[in-house]
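Dear colleague,

Please find below the sequence and structure that I am handing over to you. My notes on what was found follow directly after.

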Amino acid sequence: MSASALKSSGLRMAARILLFILVVLPVAALSVNAAPPQQSVAASPETSLSGALSAACRQDHEAFANFLTSDNAAAYRKLPVPQRTALMKRFVLLEDPGRPLLSTSATGHPVVRCEAPGISTEMRFAETRLRENLAFIPMEIPLPGEPSRSITFGLVREGGNWKLLSVGLILLDIPSMEKQWKQADLDAREDEAVAALRTLATALESYRRTYGKLPDTLEPLGPAPQGGISPEAANLVDAELSTGKKAGYTFRYRIVPAAGNLTDEEANQTAKFELAATPVEYGKDGRRSFYLDSDGVLRGADKQGAVATSTDPRIGSS
């Protein structure tokens, strides 16, 4: 594993794993909500954490869920597969599934190593701190050429077993994480819709320069056959976008004729156009509708699924 790759992974664990975890609670507050004392526990905190990290290493969704508290496990199983996988990647700092290797350090504490093709990570446990039904396990992640990164996992006894509860003092709250992920997905779709509007605007101007006028519809902007480009197939955008639908948005196009007593050539060169993007299913594919004119002015708002117009608020600069 290269030093730069491992350094990047270490920084992700130390500084970015908290992006997926939302609710902050002090240690004292955790003990109030912990499960009642149990006389016997089927697994030690170290065994449970090793199992969770091993499942994350393999990207085994069902096995990983078994190490979450009941509420979090139920919410985790309802997540889309990419979101479940993303969470496990954060725990072991690897993008691809790996092979977990368990060993014991010279101090007698567990070591979990996750080996993926061409790269591996190692997580070294320190002395577990027990507080009634809570356990806190410090962990070191070695980094070549710089001090090790440290993080502490919290576990709670539930149903006779130890379950993942927190990273440091940050309580795992998967239902809240799901809401954040859904909003992130909506934001990404809206960004993609704006990018598609920009692509269409550029394609329309390219079409005008090549053929002397704007196309009547978006379809002529699409891919060309083997025979070559033509006014009917200018090969300026992909097939999906030329149909007026892409990534959960519908795109509308309208030519605004030039005013005045102009020749056909002048009218074609000075005509304006308007583009609009509207979510196919409001709330699922996006919330905002967007409008872009031939001057590059972008406007948009939450229109409850209606089409955006030139009267909507301006977004950013042209």
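Of the 318 residues in the chain, 44% are buried (buried: under 20% relative accessible area; exposed: over 50%; partly exposed: in between; 1.4 Å probe, protein chains only). The model is a predicted one, in which local features need pLDDT of at least 70 and side-chain atom pairs count only at pLDDT 80 or more, while totals for chains, interfaces and linings use all residues. Residues are numbered from 1 along each chain as its sequence is written, and side-chain values use heavy atoms, with hydrogens and water left out.

The accessible surface of the chain is about 16,000 Å², and carbon and sulfur atoms hold 51% of that area (Shrake-Rupley method with a 1.4 Å probe; for residues, only the protein chains shown count as cover). The chain contains 9 helices and 14 strands (DSSP runs numbered from the N terminus: helices are H or I with at least four residues, strands are E with at least two). Among contacts with a separation of 6 or more, 52% join residues 24 or more positions apart (contact: heavy atoms within 4.5 Å).

The largest nonpolar core has 38 residues, and Leu-49, Phe-64, Tyr-76 and Leu-164 touch the most other members (a nonpolar core is a set of buried Ala, Val, Leu, Ile, Met, Phe, Trp, Tyr and Cys residues joined through side-chain atoms within 4.5 Å). Helix H3 (residues 45-58) supplies the largest share of this core, 6 residues. Beyond its neighbours within four places in sequence, Tyr-76 is in contact with His-61, Phe-64, Ala-65, Leu-68, Arg-84, Leu-87, Met-88 and Ile-174. Another core, of 25 residues, lies apart from the largest one; Ala-193, Leu-200, Phe-290 and Leu-298 are among its members.

A search of the whole structure gives 1 disulfide (a pair of cysteine sulfur atoms within 2.5 Å). Cys-57 and Cys-114 form it, with their sulfur atoms 2.0 Å apart. The torsion about their S-S bond is about 90 degrees, so the disulfide is right-handed. Because Cys-57 belongs to helix H3 and Cys-114 to strand S3 (residues 110-116), the pair ties together parts that are 57 residues apart in sequence. Both Cys-57 and Cys-114 are buried.

An open sheet of 5 strands runs in the order S10-S11-S12-S13-S14 with antiparallel pairing (two strands pair if DSSP finds at least two bridges between them). Strand S10 (245-246) and S14 are the edges, each having a single partner strand, so one side of each is left without a neighbour in the sheet. Strands S12 (residues 272-279) and S13 (residues 288-293) pair in the antiparallel sense over 4 bridges, and Ala-277 stands opposite Phe-290 in S13. Phe-290 is also one of the residues of the 25-residue core.

Two backbone positions deserve mention. Most residues other than glycine have a negative phi. Leu-93, however, has a positive phi, near 65 degrees; Leu-93 is located in the loop between helix H6 (81-92) and strand S2 (99-104) and is buried, at 3% relative accessible area. Gln-304, likewise not a glycine, has a positive phi of about 60 degrees. Gln-304 sits in the segment after strand S14 (298-302) and is exposed, at 58% relative accessibility.

Lastly, Glu-240 lies in helix H8 (residues 239-242) and is partly exposed, at 42% relative accessibility. Not counting residues up to four places away in sequence, Glu-240 touches Lys-245, Lys-246 and Ala-247.

With kind regards
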